[in-house]
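User: I am new to this structure and would like to understand the terms used for it. Could you take me through them with some cases?

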Amino acid sequence: MPRKKPFSNKQKKKQLQDKRERKRGPSEQGRAESNSRSGSRERWEENTDTSDSESLRPQLRRVNQQPQIFKPGERNYDPNRYRLYFEKETKEEIEQRKKIALEKILEPVPESELEVHIDQIYRPGSVLDFPKRPAWTYEMSKEAVQSREEKAFKEYLQKIYESHNPRELSYFDHNLETWRQLWRVLEMSDIILLITDIRHPVLHFSPALYDYVTQELGRSLILVLNKTDLAPPSLVVAWKHYFQAKFPKVHVVCFTSYPRHPEEEQDPSAVFKKRRRKRRVWSSALGPSQLLRACEVITAEKVDLTSWREKIERDSAALCNPASEEGTQDEETDELNAVVSHQITDAELGAPSSELYKDGVLSIGCVGFPNVGKSSLINGLVGKKIVSVSRTPGHTKYFQTYYLTPTVRLCDCPGLIFPSLIDRQQQILAGIYPIAQIQEPYTSVGYLSCRIPVPQLLKLPQPSGVEGGWTAWSICEAWADKRGYKTAKASRSDTYRAANSLLRLAVDGRLCLCMRPPGYSVQKEAWQQHPETKEMAVHSQAQGQANNDPSSGREEEEEEISSSGEEEEEQDRDADEEEDEEEDPTQSQHKRGNKNKVTDINPFELLGEDEC
Ligand SMILES: Nc1nc2c(ncn2[C@@H]2O[C@H](COP(=O)(O)OP(=O)(O)OP(=O)(O)O)[C@@H](O)[C@H]2O)c(=O)[nH]1
């Protein structure tokens, strides 16, 4: 019998990879090729598994790779048509960056470094556009429409790669299927809500989309500065004014699904607290009435929004009088009260309707980058959880529609990453790029630590042997020691895990880094003294006092994060994050009675008065 040849790990890995490819089948391979052909210079690389970080060649990484399941009766079912495509880094690059993280002493950067200029990121008017659906007619066959779209998409990518080095470009969506979802949402919406995270709103605001919506489609665009609980009021006001001055057709609305009082931000121990949301907390979102006002201004009575106004009033009354809560279910909308998830087939793509408010219904499309809180905002508007929310970017895969009232339809689009020149570290910290896919997390920890005092916030003891200050590596090491993260084999401090944990804290807003509009650092005092800021602060303080009232029984729990708790959280990040805990009805009645004191006060009320 011939002797078996020795088989290296590398060969084994290759063999497994080939096997996986074979299993995926020709349809998947064909699609991968067709995607590869559609643009990026490096996109014709072999099919790779995202976990393979060893390869030396720059190649494409598939994020959110799903196993291929052949379902009987569902021809051409491809669970991977919505995955994200990102480029892969070389081993040398990674090693080089690790070395810097290990040796470079971190210095705090001046506040002005946190100022971001949208023109540098998006270069308005340049090739950094977003792909638009090519024109088509009903006379064209489905195949012809499809191939036209693929051709246009390929040209779009080619243009970008001809003018920009892939290294300077931010990660952006290379998946035509995801862009098709946006097209559909734009086609069916009367008003577009562009949702951004207040910590980095310019990163999430595509001027090309603004131009397209306001000029080509002739529709209105509402910019939602979301998650305002994560930024000081002066910064929220400064960003609001920045966008209004730069993009005059935009209507700005400030929103938070999880309001909290200002003192919490100042409390460094908040880093160690995990905020658990219970079902009813959605009804305390701040911003729904401001959003309604913006829509009323835009629609100018062409559509009847009384049902929405009444819903807001009813929800508010239900908080006062929980006994009446059962009745808050809009009887008229009961049959409409179902989220419809739409998987686009080409036949479903309709032509953009020139008719506004079709059948007397206002359709509001919620678009934005992944993880900016689109689904949470929808839950906040509805007042209960209807779409699932996750810490992992890219959780929403298909657009979903929901009737808020009989005359208001909401449409939640999957998160989209527009092409831009955003600094890679900023992308990571903004949660645009899934942390699980980062090959070298230390550089991002260093970037963060130069901008906020991470060791102080985490109360890290300086490890022995570290002289002259902190390095990104030593911060990770100290965090690993503090959390008890050890490597399995050698039982050394698990710095890699610590680095990932720190980045997750940053993305979740527990280590909160906020970008500033240009000129903010020199005008900071003026923004702090701004009447709108003062007004917001007064309301927030009142809210804080109400929340601090021991009898208020806040419906949002905070718990110390433990190492094991974090573990569970990490494993389950893409799961729906909301706690569906049942409450003691007597308790909840008590809570809601007090809660009303909080929710009646909207710190953004003033902001909403005159900007639409
Ligand atoms: N602090 C804070 N966190 C929020 C707020 N809204 C959403 N989040 C958190 O942000 C994360 C993403 O929220 P989602 O609502 O799933 O965001 P999305 O834009 O629908 O995400 P994709 O499905 O990736 O497109 C979750 O961890 C939410 O808890 C908010 O107003 N304040």
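Analyst: What follows takes a few descriptions in turn and sets each value against its definition. This is a predicted model, in which local features need pLDDT of at least 70 and side-chain atom pairs count only at pLDDT 80 or more, while totals for chains, interfaces and linings use all residues. Residues are numbered from 1 along each chain as its sequence is written.

User: Why does Leu-128 count as buried?

Analyst: A residue is buried if 20 or more other C-beta atoms lie within 10 Å of its own, exposed if 12 or fewer, and partly exposed in between, with C-beta atoms placed from the backbone. Leu-128 has 23 C-beta neighbours inside 10 Å, and therefore counts as buried. Leu-128 is found in the loop between helix H3 (118-122) and helix H4 (142-163), helices being DSSP runs of H or I with at least four residues and strands runs of E with at least two, numbered from the N terminus.

User: What does Leu-128 touch, leaving out residues up to four places away in sequence?

Analyst: Leu-128 touches Tyr-122, Arg-123, Ile-160, Pro-419 and Ser-420, where contact requires that the two C-beta atoms, placed from the backbone, lie within 7 Å.

User: What makes Thr-443 buried?

Analyst: Thr-443, which is found in helix H13 (residues 442-451), has 21 C-beta neighbours inside 10 Å and so counts as buried. With residues up to four places away in sequence set aside, Thr-443 touches Arg-97, Ala-101, Gln-425 and Ala-472.

User: Why is H15 called roughly perpendicular to H16?

Analyst: Helix H15 (residues 472-483) and helix H16 (residues 495-508) pack at an angle of about 95 degrees, with their axes 8 Å apart. Angles of 65 to 115 degrees count as roughly perpendicular, under 35 as roughly parallel, over 145 as roughly antiparallel and the rest as oblique, so H15 is roughly perpendicular to H16. Axes are lines fitted to C-alpha atoms, for helices over the stretch in contact, and angles run from 0 to 180 degrees between N-to-C directions. Among the residues of H15 that meet H16 are Trp-473 and Cys-476, and those on the H16 side include Ala-498 and Leu-502.

User: How do you know that strand S9 is largely enclosed by the rest of the structure?

Analyst: In S9 (residues 399-405), 6 of the 7 residues are buried, so the strand is largely enclosed.

User: What shows that S9 and S10 pair?

Analyst: Two strands pair if DSSP finds at least two bridges between them, and S9 and S10 (residues 408-412) have 5 bridges in the antiparallel sense. Gln-400 stands opposite Asp-412 in S10, and a hairpin joins S9 to S10 through 2 residues.
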